[in-house]
Amino acid sequence: MGALDGRTALVTGGGRGLGAAIAHELADRGAHVGVLARSAAEVRRVAASVGGTALVADVADADRLASVLQGYGEADIVVANAGVVWPLGRFADCDIEEWERALTINVTGAVRVVRSYLPGMLQRRWGRVVTISSGAAKAPGMPSANAYSTTKAALDMFTLHLAREMDGSGVTANAVRPGVVDTQMQTFMRSHSREQVGAEFHERFHGLHERGELMSADESARFVVDVVVSDANGTVTDIRDVR
């Protein structure tokens with residue numbers, strides 16, 4: 001018997017990387033998992049591998065997202081993992097439309113998914129909301145990643161505020177900072193030149209990769225799902241503080 005037998009989960013950004021690893025970990029602990037992301041091929045591959053449901057949608061597309069979530073039905077667990085790290089570089093040089101889209105994906109998309117499932121969780125008096133945060137949410141943020149740092153800090157505050165509202169209801173909300181994980185996001189970050197992102201950013205992330213200090217997605221996923229199965233509420237937990 002798994003800790004999550006009989007529970008239904010939904011993971012956004014579940015088509016690859018950390019999201020896919022979280023989907024596998026949830027399934028291993030007994031949950032039925034809805035895997036949601038933009039790429040149909042990736043979503044279907046992961047969903048098939050965990051015996052779950054493929055949900056193809058961009059969290060930034062409100063109408064499509066609402067339709068897909070309605071079709072999936074109720075969920076007891078939401079892991080809001082979808083996120084983008086762009087635009088990178090100096091804020092003064094960034095494309096403001098890209099910055100706004102990052103806000104929509106990283107914050108509004110998560111909020112819409114949580115809002116869709118929260119009434120059902122409250123009615124059943126059990127639910128788990130976990131948002132995937134980042135060390136970039138801590139002041140002064142991640143260099144050359146103004147949008148990412150800002151939106152992750154906003155997501156933390158949303159989560160903490162929600163936890164306070166839900167206290168004692170049987171529904172919990174927690175944010176998890178999963179470490180610097182070896183995913184395609186890291187590859188994307190390293191693809192930028194020193195001139196594009198600055199020396200501090202360039203040296204930090206190339207250095208982590210070269211020294212073999214990136215975390216595996218599986219290790220981070222286990223940490224995330226440990227929070228799901230716990231009774232914690234209103235926490236922002238950084239894996240680097242407990243490793």
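User: Is arginine 29 buried or exposed?

Analyst: Arginine 29 counts as buried because its relative accessibility is 16%, where buried means under 20% relative accessible area, exposed over 50% and partly exposed in between (1.4 Å probe, protein chains only). This is a predicted model, in which local features need pLDDT of at least 70 and side-chain atom pairs count only at pLDDT 80 or more, while totals for chains, interfaces and linings use all residues. Residues are numbered from 1 along each chain as its sequence is written, and side-chain values use heavy atoms, with hydrogens and water left out.

User: OK, and what does the side chain of arginine 29 meet in a salt bridge?

Analyst: The partner is aspartate 226, at 2.9 Å from N to O, a salt bridge being a side-chain nitrogen of Lys or Arg within 4 Å of a carboxyl oxygen of Asp or Glu. Arginine 29 sits in the loop between α1 and β2 and aspartate 226 in helix α9, so this pair ties together parts that are 197 residues apart in sequence. Helices (H or I, at least four residues) and strands (E, at least two) are DSSP runs, numbered from the N terminus. Aspartate 226 is partly exposed, at 40% relative accessibility, and a network of salt bridges links Glu25, Arg29 and Asp226.

User: How many salt bridges does the structure hold?

Analyst: There are 13 salt bridges. Among them is the one between arginine 90 and aspartate 93 (3.1 Å, N to O), both of which are exposed.

User: Why is β5 described as largely enclosed?

Analyst: Six of the six residues of β5 are buried, so the strand is largely enclosed by the rest of the structure. Gly127, Val129 and Thr131 point one way, whereas Arg128, Val130 and Ile132 point the other way. β5 pairs with β4 in the parallel sense over four bridges, pairing requiring that DSSP finds at least two bridges between the strands, and valine 78 stands opposite valine 129.

User: What about arginine 177, buried or exposed?

Analyst: Arginine 177, in strand β6 (residues 171-177), is buried, with a relative accessible area of 11%. Leaving out residues up to four places away in sequence, its contacts (heavy atoms within 4.5 Å) include Ser133, Lys138, Asp156, Phe223 and Val236.

User: And where is valine 236?

Analyst: Valine 236 lies in strand β7 (residues 236-238) and counts as partly exposed, at 32% relative accessibility.

User: Last one: which residues touch tyrosine 148?

Analyst: Beyond residues up to four places away in sequence, tyrosine 148 touches Val84, Val85, Asn106, Ser134, Ala136, Met142 and Met185. Its place is in helix α5 (residues 146-166), and tyrosine 148 counts as buried, at 9% relative accessibility. The C-alpha atoms of tyrosine 148 and valine 84 are separated by 7.2 Å, although the two are 64 residues apart along the chain.
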